Amino acid sequence: MSVETNIANTKKAYAAFNVGDLPGVLENMDPDIEWVVAGNSTVSGTYRGTQDVIAFWMKLLDQNVVTMPMAFLGDGDQVVVLTRTSFGEETSEAADILEFRDGRCVRFRSLGDAARFERVFGLREE
């Protein structure tokens with residue numbers, strides 16, 4: 001797939017997420033996706049497969065997450081999305097890196113304010 005197609009599909013997925021359209025979000029997601037959230041919060045870690053990712057999203061929605069994409073940048077099979085994300089009163093900027101293979105998102109890495117995730121969701125016990 002072209003980088004333009006990957007960007008267009010990424011834009012559709014973000015729009016679908018923000019209106020709660022689960023089928024729309026999953027449309028171009030590989031069933032074996034790897035979703036990585038940085039930090040040491042209770043929601044940090046690596047999620048594998050759409051069922052794990054959906055469970056992670058439910059935790060986010062419990063905190064009234066709102067993700068506003070600010071820019072979409074693409075190069076080959078990667079799309080970078082610069083976002084402004086809010087959890088209630090907490091707002092910060094982040095970058096999401098999506099990797100595509102054959103038009104499907106196979107890896108998603110969220111690079112944001114790990115300390116904010118720790119404040120909102122608590123620290124993971126070691």
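Thr 50 lies in helix H3, residues 50-62, where helices (H or I, at least four residues) and strands (E, at least two) are DSSP runs numbered from the N terminus. At 17% relative accessibility, Thr 50 counts as buried; the cut-offs are under 20% relative accessible area for buried, over 50% for exposed and partly exposed in between, with a 1.4 Å probe and protein chains only. Apart from neighbours within four places in sequence, Thr 50 is in contact with Leu 26, Met 29, Asp 30, Pro 31 and Ile 33, contact meaning heavy atoms within 4.5 Å.

This is a predicted model, in which local features need pLDDT of at least 70 and side-chain atom pairs count only at pLDDT 80 or more, while totals for chains, interfaces and linings use all residues. Residues are numbered from 1 along each chain as its sequence is written, and side-chain values use heavy atoms, with hydrogens and water left out.

The protein has four helices and six strands. From the N terminus on, the elements run α-α-β-β-α-β-β-β-β-α. The radius of gyration is 14 Å, close to the 14 Å that the globule rule gives for 126 residues, so the protein is as compact as a globular protein of that length. That radius is taken over C-alpha atoms, and the rule is 2.2 Å times the number of residues to the power 0.38. Along the principal axes, the C-alpha atoms fill a box of roughly 40 × 25 × 25 Å. Of the 126 residues, 40% count as buried. Among contacts between residues at least 6 apart in sequence, 49% join residues at least 24 apart.

The six strands form an open sheet with mixed pairing, in the order S2-S1-S6-S5-S4-S3. Two strands pair if DSSP finds at least two bridges between them. Strand S2 (45-48) and strand S3 (65-75) are the edge strands, and each pairs on one side only. From one strand to the next, the twist averages 20 degrees. Angles here run from 0 to 180 degrees between N-to-C directions, and the axes are lines fitted to C-alpha atoms, for helices over the stretch in contact.

The pairings can be followed from the S2 side. S1 and S2 pair in the antiparallel sense over four bridges, and Trp 35 stands opposite Tyr 47 in S2. S1 and S6 pair in the parallel sense over five bridges, with Arg 109 in S6 as the bridge partner of Val 36. S5 and S6 run antiparallel and are joined by seven bridges; Leu 98 stands opposite Phe 108 in S6. In the hairpin of S5 and S6, two residues lie between the strands, and Asp 102 takes a positive phi near 55 degrees.

Ten bridges join strand S4 (residues 78-87) to strand S5 (residues 90-101), and these two run antiparallel. In S5, Glu 93 is the bridge partner of Arg 84, and Thr 91 stands opposite Ser 86. S4 and S5 also form a hairpin with two residues between them, where Gly 88 in the turn has a positive phi of about 60 degrees.

Helix H1 (residues 3-18) lies across S3, S4, S5 and strand S6 (104-111), running at about 180 degrees to S3. Helix H4 (residues 114-121) packs on the sheet and touches strand S1 (29-37), S4 and S5; its direction makes about 40 degrees with that of S4.

Aromatic rings give a further set of links. Rings of Phe, Tyr and Trp (its six-membered ring) pair if their centres lie within 6.5 Å; planes under 30 degrees apart count as stacked, over 60 as edge-to-face and the rest as tilted. The count by this rule comes to seven aromatic pairs. One of them is the edge-to-face pair of Phe 17 and Trp 57, at 5.8 Å centre to centre with 70 degrees between the planes. This pair links distant parts of the chain, with Phe 17 in helix H1 and Trp 57 in helix H3, 40 residues apart. Phe 17 is buried at a relative accessible area of 19%, and Trp 57 is buried at 3%.

The rings of Trp 35 and Phe 56 have their centres 6.3 Å apart and their planes at 55 degrees, so this pair is tilted. Trp 35 in strand S1 and Phe 56 in helix H3 are 21 residues apart, another link between distant parts of the chain. Trp 35 is buried, with a relative accessible area of 9%, as is Phe 56, with 3%. Ring pairs link Phe 17, Trp 35, Tyr 47, Phe 56, Trp 57 and Phe 108 into a cluster.
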